[in-house]
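Reader: I am new to this structure. Please show it to me, and then let me ask about the labels.

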Amino acid sequence: MILAITNQKGGVGKTTTAINLSAALASKGLRTLLIDLDPQANSSMSFLDKHALPRSMYDVLVDRSASIREIIRPAEKVPNLSVAPSSIALAKIESKLLGEIDSHYRLKDVIEPIIQEFDFIVLDTPPTLGIITVNALVASTHVMIPIQSSYFALEGTDDLLETIDKIKQRANPQLQILGAVITLHDKRTLLSRDIVDQIRRVFGDKLFETMITKSVRLEESPAYKESIFTFAPRSSGAYEYYKLSEEVLSRV
Ligand SMILES: Nc1ncnc2c1ncn2[C@@H]1O[C@H](COP(=O)(O)OP(=O)(O)O)[C@@H](O)[C@H]1O
Ligand SMILES: [Mg+2]
């Protein structure tokens, strides 16, 4: 199972979801690989010592002779979790791959040789619908869409769903939407209940029952380079991401 966490909006909880969902799956004993495709590299930094990373997904995507095995590292402190790190260089990959005939298939080819070594591969993606996100959607079996509980929650969703449809038509007919997950939810406000209804109208039963509420612990955990399960194991965020992982497993 290869799961892309995608939404071209920034700040909607993609990285937070990628980090904590990966950690939850690994804690269940599933061999999990987190591939960081966001140039900001926050997923990588949560689990790896940055100074020990000479090469990244950038090198592997640009240089056909490089193997992803050379960059995969075991996550510090999380058994069963491995990470393929990103780097800021990924921000310039668009121009590098421009005009290459296989530019949308690079990631698919890169992970092909290692798929059997993992039960779960999770892809964190950048906040654009550019070449990296397209590579992620072409390489994935499933996509998860984090949606921030806010007044403009659904803005841009049309473009995302259209891109997913286009990719299904040609490059990756197997691609399925696993579900949408509401993030940064605030249970207390009436507005957020309205927003949840709105999102449910678009996604129907694809909307995960688990919602990730806004919490200080979730906001703080990346700064301490930890998943929520080691940083604040009794917090609402730990509970919710664990529940989300159970729902994910029940859908595959
Ligand atoms: N449930 C949450 N509660 C509080 N802060 C959160 C929550 N989820 C994410 N954040 C914070 O919001 C910001 C954006 O989240 P992030 O996961 O980086 O989004 P994206 O990857 O989509 O840009 C980060 O500072 C993150 O720590
Ligand atoms: Mg991110």
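Author: What follows is a set of questions and answers on a predicted model.

Reader: How many aromatic pairs does the structure hold?
Author: The structure holds two aromatic pairs. Y151 and F152 form one of them.

Reader: Why is the pair of Y151 and F152 called edge-to-face?
Author: The ring centres of Y151 and F152 are 5.3 Å apart. The limit for a pair is 6.5 Å. The planes of Y151 and F152 stand at 80 degrees. Edge-to-face asks for over 60. Therefore the label for Y151 and F152 is edge-to-face.

Reader: What makes Y224 and F231 a stacked pair?
Author: The ring centres of Y224 and F231 lie 5.1 Å apart, and their planes meet at 20 degrees. Stacked means under 30 degrees. So Y224 and F231 are stacked.

Reader: How do you know that the charged end of K92 sits over the ring of Y58?
Author: The charged end of K92 is 5.3 Å from the ring centre of Y58. The limit is 6 Å, and the charge must also be within 35 degrees of the ring normal. K92 is reported as sitting over the ring of Y58. R251 also lies over a ring face, that of F208, at 4.0 Å from the ring centre.

Reader: What makes T15 and D38 a tie between parts of the chain?
Author: T15 lies in helix α1, residues 14-27. D38 lies in the loop between β2 (32-36) and α2 (42-47). The two parts are 23 residues apart in sequence, so the pair ties them together.

Reader: Are T15 and D38 buried or exposed?
Author: Buried means under 20%. T15 has 16% relative accessibility, so T15 is buried. D38 has 6%, so D38 is buried as well.

Reader: Why is α1 called roughly perpendicular to α11?
Author: Helix α11 covers residues 236-251, and α1 packs on α11 at an angle of about 70 degrees. Roughly perpendicular covers 65 to 115. Therefore α1 is roughly perpendicular to α11. The two axes are 9 Å apart. Residues in the contact include T16, L21 and L25 of α1, and Y241, V248 and L249 of α11.

Reader: How do you know that V248 is buried?
Author: V248 has 0% relative accessibility, so V248 counts as buried. V248 is in helix α11. Leaving aside neighbours within four places in sequence, V248 touches L21, F120, M144, L178 and F208. The C-alpha atoms of V248 and L25 are 9.4 Å apart, although 223 residues separate them along the chain.

Reader: What makes Q116 exposed?
Author: Q116 has 68% relative accessibility, so Q116 counts as exposed. Q116 lies in the loop between α5 (106-111) and β5 (120-124). The C-alpha atoms of Q116 and L37 are 20 Å apart, and the two are 79 residues apart along the chain.

Reader: Why is helix α6 called largely enclosed?
Author: Nine of the nine residues of α6 (residues 131-139) are buried, so α6 is largely enclosed by the rest of the structure. Among the buried residues are I131, N135 and A139.

Reader: What covers the buried residues of α6?
Author: The cover includes β1 (2-5), α4 (93-97), α5, β5, β6 (142-148) and α7 (157-169).

How values were computed:
Residues numbered from 1 in each chain as written. Chains lettered and ligands numbered in written order. Predicted model: local features only at pLDDT ≥ 70, side-chain atom pairs only at ≥ 80, totals over all residues. Heavy atoms only, no water. Phe/Tyr/Trp six-rings, centres within 6.5 Å; stacked < 30°, edge-to-face > 60°. Helix = DSSP H or I, 4+ residues; strand = E, 2+ residues; numbered from the N terminus. Buried < 20%, exposed > 50% of the residue type's maximum accessible area, 1.4 Å probe, protein only. Axes fitted to C-alpha atoms, helices over the stretch in contact; angles between N-to-C directions. Parallel < 35°, antiparallel > 145°, perpendicular 65-115°, else oblique. Contact = heavy atoms within 4.5 Å.
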